[in-house]
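Have a look at the model, then read on.

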Amino acid sequence: IAQRTRQLNAIHQLTKAVSNTLDPTEVLSMAAVHGRTALRADAVVIWLAEGEKHEEIVMKGALQLGLADRPELSQQLYIVPSVNSVQCLPVPLEPDSPSGAIAALLQAPMIWQQQLVGIIGVMRFRGAFNKTEWEMVEAIGLETGTALKHAQQYSQAKAAADRDPLTGLLNHRAIHQFLDESLEKGILTQQPVAVMMMDMNNFKMFNDTYGHPAGDEALRRVSKALAEACQGGGAVGRYGGDEFLAVLPGFTQNQVVEIGRAHV
């Protein structure tokens with residue numbers, strides 16, 4: 001009874017943790033930490049669906065917990081076949097040693113609305129998993145899959161709301177928000193924050209002469225060049241119709257002038 005109570009409490013804590021965040025990275029981290037506790041596992045590995053290969057979903061490792069001191073084992077578990085039900089696999093703890101110790105890897109699909117979004121695997125270096133633990137990891141997979149998908153949808157919606165649909169740069173509101181956050185951080189850390197305002201000369205004349213489709217293409221090309229020039233922690237936004245604002249935390253005035261001369 002005490003063991004079952006501990007397991008149910010651990011599942012409850014996991015469900016609560018993954019449901020209280022809309023950050024996909026935090027969802028995976030909480031699932032790994034609480035899943036390891038719930039099943040008293042030595043390691044946890046989470047794989048995410050990265051696409052399709054030979055008509056099968058390719059699962060690539062997105063998070064590993066407890067394998068920092070086992071790099072060969074970690075590499076061996078980076079890519080795995082997809083699964084549609086709970087399964088337990090024997091895994092050599094020393095991949096290059098045919099007579100070495102064998103660990104138990106219990107895997108469960110992470111599912112959202114019958115869609116496979118990933119796999120969670122818990123590993124014991126010694127000992128097997130019982131029937132109750134098989135049921136637990138299945139429940140963890142369902143909870144994590146749902147929470148992860150919701151977090152991903154939220155992140156995608158938030159990113160879309162922050163972007164200018166034509167250029168893909170941050171929109172007016174989002175670049176202002178980034179500027180405010182950068183200034184606050186710069187004050188706290190005593191680090192410089194550089195700002196560049198740019199516009200396209202005679203853009204209205206260009207639009208009137210060549211048409212709006214050509215003008216849109218020019219905006220996209222300029223935006224791409226500006227984004228590439230300001231990589232490395234900064235951000236570029238579309239401030240107006242033909243105006244752009246670049247915010248570069250950690251850059252000095254001289255550095256920004258050099259960027260402007262080289263790329264703008």
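## Cysteines

Start with Cys88, which comes out as partly exposed, with a relative accessibility of 29%. Keep in mind that this is a predicted model. Cys230 has a relative accessibility of 4%, so it counts as buried, the cut-off for that being under 20%. For Cys88, the 29% falls between the 20% and 50% limits, which is why the label is "partly exposed".

## The β7-β9-β8 sheet

Now for a piece of the fold. Three strands make up an open sheet, and their order is β7-β9-β8, with antiparallel pairing. Which strands sit at the edges? Those are β7, covering 193-199, and β8, covering 235-238, and each of them pairs on one side only. On average, neighbouring strands in this sheet are turned by 15 degrees against each other, ignoring direction.

Zoom in on β8 and you'll find it paired with β9 (residues 243-249) in the antiparallel sense, over four bridges.

## The whole chain

Stepping back, the protein chain has eight helices and nine strands in its secondary structure. Its C-alpha atoms fill a box of roughly 75 × 45 × 40 Å along the principal axes. The radius of gyration is 25 Å, whereas a compact globule of 264 residues would have one near 18 Å.

How much of the chain is buried? That label applies to 39% of the 264 residues. As for the surface, the chain exposes about 15,300 Å², and carbon and sulfur atoms supply 52% of that area.

One last number concerns contacts along the sequence. Take the contacts between residues at least 6 apart in sequence: 55% of them join residues at least 24 apart.

Definitions and conventions. Residues are numbered from 1 along each chain as its sequence is written. This is a predicted model: local features need pLDDT of at least 70, side-chain atom pairs count only at pLDDT 80 or more; totals for chains, interfaces and linings use all residues. Side-chain values use heavy atoms; hydrogens and water are left out. Two strands pair if DSSP finds at least two bridges between them. Helices (H or I, at least four residues) and strands (E, at least two) are DSSP runs, numbered from the N terminus. Axes are lines fitted to C-alpha atoms, for helices over the stretch in contact, and angles run from 0 to 180 degrees between N-to-C directions. The radius of gyration is taken over C-alpha atoms; the globule rule is 2.2 Å times the number of residues to the power 0.38. Buried means under 20% relative accessible area, exposed over 50%, partly exposed in between (1.4 Å probe, protein chains only). Contact means heavy atoms within 4.5 Å. Accessible areas come from the Shrake-Rupley method with a 1.4 Å probe; for residues, only the protein chains shown count as cover.
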